[in-house]
Amino acid sequence: LSLALYAGSLCTASSAAFLYHDYCVIGAGPSGLQVAYFLQQAGRDYIVFERSHAPGSFFALYPRHRKLISINKQYTGKSNSEFNLRHDWNSLLSHDRRLLFRHYSRDFFPNADAMVHYLEDFASLLKLQIQYNTAIIHVTLERDEQAWNGHYFLLTDQDRQNYKCSSLLVATGTWVPNVVNFPGSEYVEGYETVSINPEDFAGQTVLILGRGNSAFETAENILGVTNFIHMVSRSRVRLSWATHYVGDLRAINNGLLDTYQLKSLDGLLEGDLEDLAIVKDKKGKLHITLRFYLENRNTSAGIDSITLPQDELDNFATRAPYDRVIRCLGWKFDFSIYNRSLRLMPGKGNKKKYPQIKPSYESRGTRGLFILGTASHSVDFRKSAGGFIHGFRYTTRAVHRLLENRHHGVPWPSTVYSITQLTNSIIKRVNEASGLYQMFSVLADIILLRENATAFEYLEEYPVGVLAELETQTGRKAPNGLFVVIMEYGRNFSGADKDVFYYNRAVGEAQHAWQSNFLHPVIYYYKHLPTEHEMKLRPPDWPLPRPDAVHHIVEDFLTDWTAPNAHILPLRRFLENCLSTDLRNFFAESCFFFAFTRQKLPPFCQQGYVRMQWLMGSEGLRRHAVEAGLLEDYTPRDFSGDKTPGSRERSQDQLLRDHAIPVRPLQHLVNAKDE
């Protein structure tokens, strides 16, 4: 009995040692703070673990030279807060207007210290539940049929404190430096530790490994004091203005391209870094050679016994010795803390630095494990902005909405409108929505049609990669067809080798809208919700499968899609053709006339005029409509043909006399078609 009691006490102590929360968030960077905000607003049980003493510790060190490349546009000429987020790449989403990044810096490219300050205020002002100085060092699973996902997540910190969670949200970003090992790599300095004082490089010759923004940022800092800088990477330089991907080289850092092409000693080279080798001579100079020259050789015998490329090719590009070699190869996700039971695997090819996840941002190996922020960028790598604050603030909100539906029965937020508001709803969203704009080709607005297309339900910023799962993921039904509103660039307009400044690059006529190159709205129409099989068979580089109909709203130089003829009219006609209905708005007089002359009233008249929900007119408005050709002129005329001024009542009386229709009460008009 005593043994049984002792064993029971051990089990009780073991159970009590686990601190439980419904949601555990690892990392208090921007994405961790963003999901914490949404969880707190929803009143959920959550905790955020942060290894540092403050949020956003990554920005306390990076970028090393302290200038962010995320734009902070102070003025747009508009007061619409949703529109302005299109050009604010640093703010997180919240209800607190104080927490807009423009209050923390006025610089177009802000200093990273401002981001640190901003994230600290975001956490403190919103009173987010963050446990600082807590480094999670191990994560594993505990099977339990009673758990939300069939298992619990067990976390252990550096003090051996254990935590148990039903859902795990990983927001650690990518912070482990990418390192390439080759002979002599011990002589290479890392971006994370290299000096940022330009005077330390005065009169030196420098080789930089890498070709991303961190490499060019480093080069920009020392460009004016070095003898020359060479940069080597396995791929050619990719300019963000050509690829339309904000993670590629930005103009703010590309000074070395000028000095290279204008023959001012600096230069760029392409080559596989794993084929390189570095040999140090007696004077401390670093010589670049190739790995195969060192095979079966004793490198400790000295440089004189080692064959260098210039010994066989006297104009070898990197034959000059270097004083320093700097590694600037970016970062990767830290997989080391996750137990094999989680089956959290790296991606393939150029996505191997990210964990494998579904388009819903859930791990492919473990249900209930979601990857947020920069580490989730495999979903849209080199396509959209999901690896950056101005992108993942929206994907994080999407993940929260998926969790709300899955675990708490809260359907995806939606609004139901009359079908007469369909054109207006689309035009409003494509002109102001920031999530559609930033996460182009990834997030889309979904319009679910009601029976007989008399109304529709509008869902905002849903991940199109899981469109086939819309009903289960959102709690909304789509039995009557749907429209998908998304933003896209032209199919052949983006790429490292593209000339995006060629003459006649823009399309201005509505009939050629499908050839638009710049970012523009595209509306897909499906009679039925696409299946998973159809999603897999979609054409290459298409965000969606082939629709029953598709409409491109022509690109606009001002990104202002409100032109009546170029933008709104073609859209309305497309929607009318898909729905076989008339989506025009009418004056009350026209609806009155249609009630006597048509078998079926347009939806606007059915849902407005007949229900006495119309805009009261005036003689001036009626006259304007007649002059614009929107209304017939039923004003009595004299024999000379001149118009006789009269009241609104006289116009209606004349209409009745002209058509010889007896006057009947208004409530009978709806049944006029039956008579």
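This is a predicted model: local features need pLDDT of at least 70, side-chain atom pairs count only at pLDDT 80 or more; totals for chains, interfaces and linings use all residues.
In the protein chain, buried residues make up 51% of the 675 residues. A search of the whole structure turns up 21 salt bridges and two cavities of 30 Å³ or more.

**The chain as a whole**

- You're looking at a protein chain with 20 helices and 22 strands.
- Take the contacts between residues at least 6 apart in sequence: 65% of them join residues at least 24 apart.
- The chain exposes about 33,000 Å², and carbon and sulfur atoms supply 50% of that area.

**Salt bridges, pair by pair**

- Arg491 pairs up with Glu488, and their closest N and O atoms sit 2.9 Å apart.
- Glu142 forms a salt bridge with Lys164, with 3.1 Å between the closest N and O atoms. This one links distant parts of the chain: Glu142 belongs to strand E4 (residues 136-143) and Lys164 to strand E6 (residues 162-170), 22 residues apart. With a relative accessible area of 26%, Glu142 is partly exposed; Lys164 has 18%, so it counts as buried under the 20% cut-off.
- Arg238 bridges to Asp248, the closest N and O atoms being 3.5 Å apart. Here too the pair links distant parts of the chain, 10 residues apart: Arg238 is in the loop between strand E10 (228-233) and helix H7 (240-243), while Asp248 is in the loop between H7 and helix H8 (255-261). Arg238 is partly exposed at 26%, and Asp248 is buried at 6%.

**A salt-bridge network**

- Some of these charges go beyond simple pairs: Arg397, Arg429, Asp445, Glu460 and Glu461 are linked in a network of salt bridges.

**The second largest cavity**

- Rolling a probe the size of a water molecule over the atoms shows where empty space is left.
- The second largest cavity holds about 30 Å³ of space.
- Its lining is made up of Pro177, Tyr191, Glu192, Arg327, Cys328, Leu329, Gly330 and Trp331.
- Sorted by type, the lining residues of this second largest cavity come out as five nonpolar, one polar and two charged.

Terms used
Residues are numbered from 1 along each chain as its sequence is written. Side-chain values use heavy atoms; hydrogens and water are left out. Helices (H or I, at least four residues) and strands (E, at least two) are DSSP runs, numbered from the N terminus. Buried means under 20% relative accessible area, exposed over 50%, partly exposed in between (1.4 Å probe, protein chains only). Contact means heavy atoms within 4.5 Å. Accessible areas come from the Shrake-Rupley method with a 1.4 Å probe; for residues, only the protein chains shown count as cover. On a 1 Å grid over the protein atoms alone, a cavity is a set of points where a 1.4 Å probe fits but cannot get out, and a pocket is an open set with protein on both sides within 12 Å along at least five of seven lines; lining residues have an atom within 4 Å of a point. Grid points are joined across faces, edges and corners, and a volume is the space filled by probe spheres set on the points. Ala, Val, Leu, Ile, Met, Phe, Trp, Tyr, Cys and Pro count as nonpolar, Asp, Glu, Lys and Arg as charged, and the others, Gly among them, as polar. A salt bridge is a side-chain nitrogen of Lys or Arg within 4 Å of a carboxyl oxygen of Asp or Glu.
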